[in-house]
Amino acid sequence: MKKNTESLSRIYLKKPVSDNFGLEVESRAYIRRKDMTDLFAGSGSGLSGKEEAVSKLINLISDPDPQRRRGAIESLLTAYSRYTGKTQDIWNELLNLTGEEETDTRRDAADLLSEVFPVVEEKSTVFFDLVKLTESQEAHLRRRATELLASAFAYCEDKQAAWNELVRLVSVEDREVRKGAILALSSGYIEVPDKEKAWKDLLSFSDHSDSFVQREATRLLGLLFSMCRIKPRLERPESAY
């Protein structure tokens with residue numbers, strides 16, 4: 001079958017700004033609908049596999065128009081999932097690309113993680129993929145991975161193991177990773193099984209050398225205290241909800 005690449009190539013062309021805002025919005029909506037239609041046209045999406053899909057996604061991520069970029073990426077991911085394979089394959093391919101020698105390739109792959117994450121079928125393993133990326137030598141990769149930690153924690157099946165990893169990340173050298181980890185801990189406290197350990201961890205972070213970590217831990221402890229309306233005791237942290 002002939003690959004449908006013409007419609008995708010048109011996405012990369014920056015459209016002139018219209019004097020009529022309403023018409024411009026309507027035109028952009030039409031473009032997104034047409035891109036979706038073109039991708040679904042025929043007996044498939046025109047994507048031969050995950051490598052080609054990722055290659056097109058990397059081209060799309062460079063589009064300066066955020067609405068057009070988002071619409072085109074969503075269309076391509078939907079087409080791939082419907083006609084070619086699982087978006088989990090694309091996620092795994094992006095992880096592989098974060099280890100490439102070329103800097104631009106690594107960064108483009110990292111930028112796409114947040115676009116692909118919402119449609120990944122098996123989100124339960126994503127959290128630990130992101131933890132590995134926070135240990136990258138490249139700051140851009142660490143930052144992109146950190147941004148998804150809180151969202152990925154919610155889907156992780158082993159919440160205790162995930163919590164322990166976040167506790168470790170709160171004390172790493174990269175401050176952005178520390179901030180992302182404590183925020184993920186704050187949102188994930190209610191789901192962690194071992195409340196006694198979690199309570200003690202938060203107490204220790206309330207005296208952390210990083211002011212952001214200290215403030216966030218103290219804020220959460222105060223919130224938990226106000227919710228339970230009792231004096232918090234280390235012996236019974238399970239009452240601190």
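Mentor: A residue is called buried when its relative accessible area is under 20%, exposed when it is over 50%, and partly exposed in between (1.4 Å probe, protein chains only). The model here is predicted, so local features need pLDDT of at least 70 and side-chain atom pairs pLDDT 80 or more, while totals for chains, interfaces and linings use all residues. Residues are numbered from 1 along each chain as its sequence is written, and side-chain values use heavy atoms, without hydrogens and water.

Trainee: Why is Gln160 called buried?

Mentor: Its relative accessible area is 17%, and the limit is under 20%, so Gln160 counts as buried. Gln160 sits in helix H10, residues 159–169; helices are DSSP runs of H or I with at least four residues, strands are runs of E with at least two, and both are numbered from the N terminus.

Trainee: Which residues is Gln160 in contact with, leaving aside neighbours within four places in sequence?

Mentor: Val192, Pro193, Asp194 and Lys197. Contact means heavy atoms within 4.5 Å.

Trainee: What makes His140 a buried residue?

Mentor: A relative accessible area of 12%, which is under 20%. His140 belongs to helix H8, residues 139–146. Beyond four places in sequence, it touches Arg107, Ala110 and Asp111.

Trainee: How do you know that the side chains of His140 and Asp111 form a polar contact?

Mentor: The distance is 2.7 Å. A polar contact is a pair of N or O atoms within 3.5 Å; within protein, one must be able to donate a hydrogen and the other to accept it, and residues adjacent in sequence count only if both atoms are side-chain atoms. The pair His140 and Asp111 is therefore a polar contact.

Trainee: Why is Leu133 called buried?

Mentor: Its relative accessibility is 9%, again under 20%. Leu133 lies in helix H7 and touches Leu95, Thr98, Leu113, Leu141, Arg142 and Ala145, not counting residues up to four places away in sequence.

Trainee: How do you know that the span of helix H6 is close to the expected one?

Mentor: The expected span is 1.5 Å times one less than the number of residues. H6 (residues 103–116) has 14 residues, for which 20 Å is expected, and reaches 20 Å from its first C-alpha to its last. H4, with 18 residues, reaches 26 Å, close to the 26 Å expected.

Trainee: Which residues of H6 are buried, and what puts them on the same side?

Mentor: Thr105, Arg106, Ala109, Ala110, Leu112, Leu113 and Val116 are buried. They cover an arc of only 165° around the axis, which puts them on the same side of H6; the arc is that of the directions from the helix axis to the C-beta atoms. Their cover includes helices H3, H4, H5, H7 and H8.

Trainee: What caps the N-terminal end of H4?

Mentor: Asp65, with a side-chain oxygen 3.0 Å from the backbone nitrogen of Gln67.

Trainee: What makes a set of residues a nonpolar core, and how many residues has the largest one here?

Mentor: The members are buried Ala, Val, Leu, Ile, Met, Phe, Trp, Tyr and Cys residues joined through side-chain atoms within 4.5 Å. The largest core has 56 residues, and those with the most contacts inside it are Ile90, Trp91, Phe127 and Leu166. Helix H13 (residues 211–228) supplies the largest share of this core, 6 residues.

Trainee: How many helices and strands does the protein have?

Mentor: It has 13 helices and 0 strands. Of its 241 residues, 46% count as buried.
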